Amino acid sequence: MPTGASVTPAAAQPVRLSTGRRGGAGRSCPTDGPLVDSYGRVHTDLRLSVTDRCNLRCVYCMPEDGVALRPRDEILTFEEIARVAQVAYDLGVRSVRLTGGEPLVRRGITALVRRLACIGFSELALTTNGMGLAPLAADLARAGLHRVNVSCDSLRSDRFARIRRRGELDTVLRSMEVAEAAGLVPMKVNVVLLAGQNDDEILDFAAFARETGRVVRFIEFMPLDADGQWRRDSVVPGDEVLTRIAGTWPIEPVGGDACAPAERFCFTDGAGEIGIIRSVTRPFCGTCNRLRLTADGALRNCLFSDDELSVRQVVRSGGSDHDVAMLFRRAVWSKLPGHGINEPGFLQPARSMSMIGG
Ligand code: SAM
Ligand code: SF4
């Protein structure tokens with residue numbers, strides 16, 4: 001690990017990859033203390049994308065033909081990821097989620113989990129489409145992974161095939177059982193709702209949560225699809241989800257982590273829990289504590305920001321851990337107050353969800 005003379009990233013390398021809008025109000029960012037933005041939000045949660053590849057083609061994320069992939073030599077190595085993760089930990093990041101693309105298609109992912117587990121994050125989790133989870137679950141748990149979120153947008157095989165375009169529902173349902181048996185609990189199930197496509201399954205998913213004890217999280221469709229097909233009327237508002245479920249089973253809010261994107265609700269009869277993620281209709285930017293590292297090593301302070309800083313450039317040009325830390329600080333400091341989806345003139349970001357890491 002290079003520890004020699006510090007390079008000044010801004011001067012030595014083209015680390016700023018884009019000209020996206022940025023915050024910070026012209027003030028320079030702090031050089032010590034917590035990882036804070038210019039609005040006082042302290043960042044403790046890192047989403048680490050380990051690949052931009054995927055074995056599925058979900059309609060709300062990727063086109064049928066896939067997306068243009070980064071050359072392999074631009075993808076961070078496990079050594080680089082682990083080094084950057086350690087720097088993040090030293091800056092106060094305590095929660096890491098591995099994502100992608102599909103993280104389980106990255107060869108040797110268990111070895112990366114083992115390295116990250118040694119750092120000591122209080123939460124080390126992974127989001128997967130579940131297709132490759134069953135054979136890896138026990139090894140991932142042994143390597144130190146705490147939990148998995150499994151994405152599953154329909155409980156009907158034909159519809160699952162239509163929305164995700166590849167893969168099979170049975171494989172995903174089976175992977176949930178195997179992962180739970182391996183100790184990757186509590187399990188959360190991510191459901192992206194698409195108006196007219198799967199919103200008639202809200203109650204089925206609520207029943208699924210009640211029967212299995214898995215926390216089903218209903219996610220509003222966000223303008224992050226590579227096709228650019230997102231339309232406001234294809235979003236199923238979280239309010240509607242709550243109304244429909246409460247009409248059958250009474251629910252009540254559960255307190256908890258104020259920074260978490262999901263609002264939690266439990267069934268009042270004690271039969272389980274659901275969550276809603278209202279990124280579009282009720283943005284939670286005011287409490288956002290998340291930061292993202294793309295598979296090719298770009299730091300992004302928001303899913304919807306095109307303002308990126310390249311960690312890869314810094315680590316591959318001999319930058320020190322201090323340089324990496326300062327890049328984190330700059331990335332966080334320049335975060336805008338909100339994602340702007342509901343503002344006039346909102347532009348969908350250049351990178352779609354699978355290229356950022358959801
Ligand atoms: N491939 C893995 C998976 O599908 O779980 C991990 C990566 S995926 C980008 C992470 C999460 O983002 C998944 O739960 C997926 O359903 C969600 N997602 C993808 N595109 C989305 C969009 N346009 N709006 C809302 N959620 C989206
Ligand atoms: Fe792949 Fe996940 Fe995107 Fe679906 S949501 S195409 S599984 S990255």
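A residue counts as buried when under 20% of its relative accessible area remains. By that cut-off, strand E4 (residues 147–151) is mostly covered: five of its five residues are buried. The model is predicted.

In E4, Arg147, Asn149 and Ser151 point one way. Val148 and Val150 point the other way. Both sets are buried.

Strand E3 (residues 123–128) pairs with E4. The sense is parallel, and the pairing runs over four bridges. Which residue of E4 is the bridge partner of Thr128? The partner is Val150. Val150 is also one of the buried residues of E4.

**The chain as a whole**

The protein chain holds eleven helices and twelve strands. Its C-alpha trace spans about 60 × 45 × 40 Å along the principal axes. For 358 residues, a compact globule would have a radius of gyration near 21 Å; the chain has 20 Å, so the two agree.

Contacts can be sorted by distance in sequence. Take those in the protein chain between residues at least 6 apart: 75% of them join residues at least 24 apart.

Surface and charge values for the protein chain follow.

| Property | Value |
|---|---|
| Buried residues | 54% of the 358 residues |
| Accessible surface | about 14,700 Å² |
| Surface belonging to carbon and sulfur atoms | 51% of the accessible surface |
| Charges | 45 positive and 43 negative |
| Distance between the mean positions of the positive and negative charges | 4 Å |

Key. Residues numbered from 1 in each chain as written. Chains lettered and ligands numbered in written order. Predicted model: local features only at pLDDT ≥ 70, side-chain atom pairs only at ≥ 80, totals over all residues. Heavy atoms only, no water. Helix = DSSP H or I, 4+ residues; strand = E, 2+ residues; numbered from the N terminus. Rg over C-alpha atoms; globule rule 2.2 N^0.38 Å. Buried < 20%, exposed > 50% of the residue type's maximum accessible area, 1.4 Å probe, protein only. Contact = heavy atoms within 4.5 Å. Areas by Shrake-Rupley, 256 points an atom, 1.4 Å probe, with all protein chains shown as cover. Lys, Arg positive; Asp, Glu negative; His and termini not counted. Charge placed at Lys NZ, Arg CZ, Asp CG, Glu CD. Pairing = 2+ DSSP bridges.
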